[in-house]
Amino acid sequence: MDALFRVVTDRATDAMCIFDEKGTIVYANAACASIFGTPRADLVSVTIGAILSPDQAAQRLRYLQHVVSTGETVRSEARLNFPTGTRWLAGEYSPLPTAPDGSRLVLLVARDITEQKRAESDMRDSAEERDLLYRAGEQLGRTLDLSTIFTIMRSLIAERMDCDVLYLSNFAPSTRLITCLFAWQDGQPMDISAFPPVPLAPEGKGTQSIAIRTGKSILLADYNAQRQTSRKSYYVDEKGQVTDQDPPPEDPNIPRSALIVPLKLGQEVRGVIQIFSYRLNAYSDQDLRILEAI
């Protein structure tokens, strides 16, 4: 019977694992070893705390102890971090007969539902995106005043993603100059009268210039690393003054990640919209698509 059990469980697509009440693995099938990213032979006698983070392991241990003490089955869905990556698992913890040595055992049967959760997340994002774009079209269609249009755009963008700083610039192909039309920082519009025109940077240099030359949007997880390629860059200090001096590295209110989207008239780039976050890695590909659509 023991051999038959192992044959059946090893052919199962769901992960199957037997724990004792202390969270030590007694048995794991092939699917379980695949999820954990550890050979089956190395899993036996390993504790759950050696596989998961302390918080995640503590919660699983509470499940095991509840099953042992009450005889009740526990079901859960959780996003867990394994050596193989992050996965969503739907698990069922069930009591097993007491082992010959007196150990109280629990069977975990877990199904990988990562793709299902990803599809659900994509559907939610799509619904939010459609709602945002509908409201953008509705509100922007009510006015021709540029300042009002820019303010509405900024408000809609800030609903969906970080927007600590926003710049909207015009590019004149005849002079090859980039001129700021609208700027917003920390929830307030900025006086752009002191913002100097910026010349188009050489090929492969600058952030706005790359977007203008290629006509392609840019997602920068670390904006300052890319900014170092600019021939000339400017910084707005805490007093709202424009300076070409680098901000102090300890300043918490400096752009650390960015989305940069070219604005086109036909096939020709005539401007750029840039949004920034004070956090590193603040933006996703979904954020970039939404900004492009607006």
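Leaving aside its neighbours within four places in sequence, which residues is arginine 79 in contact with? The legends below take up this question and several other close-up views of the model, which is a predicted one.

Figure 1. Once neighbours within four places in sequence are set aside, arginine 79 is in contact with Gln56, Thr86, Arg87 and Trp88. Arginine 79 counts as exposed because its relative accessibility is 52%, and the cut-off for that class is over 50%. Isoleucine 113 is 34 residues from arginine 79 along the chain, and the C-alpha atoms of the two are separated by 9.5 Å.

**Figure 2. Overview of the protein chain.** The protein chain has 9 helices and 14 strands. Of its 294 residues, 42% are buried. The chain exposes about 16300 Å², and 51% of this area is supplied by carbon and sulfur atoms. Among contacts between residues at least 6 apart in sequence, 48% join residues that are at least 24 apart.

**Figure 3. Salt bridge between glutamate 77 and lysine 117.** Side chains of opposite charge can pair when their charged atoms come close. The whole structure holds 9 salt bridges. In one of them, the side chains of glutamate 77 and lysine 117 meet with an N to O distance of 2.9 Å. Glutamate 77 belongs to strand E3 (residues 74–82) and lysine 117 to helix H5 (residues 114–140), so this pair ties together parts that are 40 residues apart in sequence. Lysine 117 is buried, at 18%. Lysine 117 also lies over the face of tryptophan 88, at 4.8 Å from the ring centre. Tryptophan 88 is also one of the residues in contact with arginine 79.

**Figure 4. Salt bridge between glutamate 203 and arginine 213.** The closest N and O atoms of this pair are 3.5 Å apart. Glutamate 203 sits in the loop between strand E9 (198–199) and helix H7 (207–214), while arginine 213 is in helix H7, so the bridge ties together parts that are 10 residues apart in sequence. With a relative accessibility of 63%, glutamate 203 counts as exposed. Arginine 213 is partly exposed, with a relative accessible area of 33%.

**Figure 5. Salt bridge between arginine 270 and glutamate 268.** The two side chains meet at 3.6 Å, N to O. Arginine 270 counts as partly exposed, at 32% relative accessibility. Glutamate 268 is partly exposed as well, with a relative accessible area of 38%.

**Figure 6. Aromatic pair of tyrosine 63 and tyrosine 93.** A pair of aromatic rings is described by the distance of the centres and the angle of the planes. The count for the structure comes to 6 aromatic pairs. Tyrosine 63 and tyrosine 93 form a tilted pair, 5.3 Å centre to centre and with 55° between the planes. Tyrosine 63 is part of helix H4 (residues 54–70) and tyrosine 93 is part of strand E4 (residues 85–95), so the pair ties together parts that are 30 residues apart in sequence.

**Figure 7. Aromatic pair of tyrosine 167 and phenylalanine 195.** The ring centres of tyrosine 167 and phenylalanine 195 are 6.2 Å apart and their planes are at 70°, so the pair is edge-to-face. Why does it count as edge-to-face? The class applies because the angle of 70° is over 60 degrees. Tyrosine 167 lies in strand E6 (residues 165–172), and phenylalanine 195 in the loop between strand E8 (188–189) and E9, so the pair ties together parts that are 28 residues apart in sequence. Tyrosine 167 counts as buried at 16% relative accessibility, and phenylalanine 195 is buried with a relative accessible area of 15%. Ring pairs link Tyr167 and Phe195 with Tyr223 and Phe276 into a cluster.

**Figure 8. Glutamine 286 in helix H9.** Helix H9 covers residues 285–293 and includes glutamine 286. Its side chain makes a polar contact, at 2.3 Å, with the side chain of arginine 289. Glutamine 286 counts as buried, at 11% relative accessibility, because the class takes in values under 20%.

Technical notes. Residues numbered from 1 in each chain as written. Predicted model: local features only at pLDDT ≥ 70, side-chain atom pairs only at ≥ 80, totals over all residues. Heavy atoms only, no water. Helix = DSSP H or I, 4+ residues; strand = E, 2+ residues; numbered from the N terminus. Buried < 20%, exposed > 50% of the residue type's maximum accessible area, 1.4 Å probe, protein only. Polar contact = N/O pair within 3.5 Å; in protein donor to acceptor, adjacent residues only side chain to side chain. Salt bridge = Lys/Arg side-chain N within 4 Å of Asp/Glu carboxyl O. Contact = heavy atoms within 4.5 Å. Areas by Shrake-Rupley, 256 points an atom, 1.4 Å probe, with all protein chains shown as cover. Phe/Tyr/Trp six-rings, centres within 6.5 Å; stacked < 30°, edge-to-face > 60°. Lys NZ or Arg CZ within 6 Å of the ring centre and 35° of its normal.
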